[in-house]
Amino acid sequence: MTHPGGDALTAPAFVLIIGKAERFQCGKQVASYLGLVPLEDSSGNRRRLGHITKQGSSMMRFFLVEAAQVTVRSVPAWRSKYLHLMIRRGRKTAKVAMARRLAVRLFWMMRKKWDYEQVKEFGSHAGQPGHRDGVQ
């Protein structure tokens with residue numbers, strides 16, 4: 001609940017729907033589980049990415065989109081990313097992209113048992129080799 005946008009509904013719902021964080025190896029699997037990844041239609045050398053898959057809980061997707069909008073309003077870095085995506089891809093796609101980003105961030109916070117201040121300090125690549133803020 002320490003992340004901007006992670007209110008009294010979003011955070012507990014996320015924890016209940018995801019369950020144990022160890023079930024997923026990476027954030028991409030969480031986004032896929034929640035249905036926030038694009039549907040792929042591939043044949044031969046042609047690859048087409050369509051609308052989101054909408055797997056998983058529609059209520060959780062709703063909560064994440066709403067929480068992402070709050071985060072975009074309150075965190076300047078998220079706002080600039082959202083505006084960049086909105087110009088390139090449109091408002092609706094940008095909202096879903098930010099919801100996916102929030103879901104991945106919440107997953108890693110849950111998995112590492114970090115609060116928002118630790119995420120801001122170390123970032124998502126803390127402890128990995130070659131990262132300047134990594135733990136030695």
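The chain average is 87, and 90% of the residues score at least 70. This is a predicted model, so to speak: local features need pLDDT of at least 70, side-chain atom pairs count only at pLDDT 80 or more, and totals for chains, interfaces and linings use all residues. Residues are numbered from 1 along each chain as its sequence is written, and side-chain values use heavy atoms, with hydrogens and water left out.

Now for the packing. Helices here are DSSP runs (H or I, at least four residues), numbered from the N terminus. Take α1 (residues 10-18) and α3 (residues 58-74): their axes come within 10 Å and cross at roughly 140 degrees. That makes α1 oblique to α3, oblique being what is left after under 35 degrees (roughly parallel), over 145 (roughly antiparallel) and 65 to 115 (roughly perpendicular). Thr 10, Ala 13, Phe 14 and Ile 17 in α1 touch Met 60, Phe 63, Leu 64 and Ala 67 in α3, where contact means heavy atoms within 4.5 Å. By class, that contact has 7 nonpolar, 1 polar and no charged residues.

The other pair is α2 (residues 27-34) and α5 (residues 91-112), packed at about 125 degrees with axes 9 Å apart. That makes α2 oblique to α5. From α2, Gly 27, Lys 28, Val 30, Ala 31 and Leu 34 meet Arg 100, Ala 103, Val 104, Phe 107 and Trp 108 of α5.

Methods. Axes fitted to C-alpha atoms, helices over the stretch in contact; angles between N-to-C directions. Helix = DSSP H or I, 4+ residues; strand = E, 2+ residues; numbered from the N terminus. Nonpolar A, V, L, I, M, F, W, Y, C, P; charged D, E, K, R; others polar. pLDDT = per-residue confidence, 0-100.
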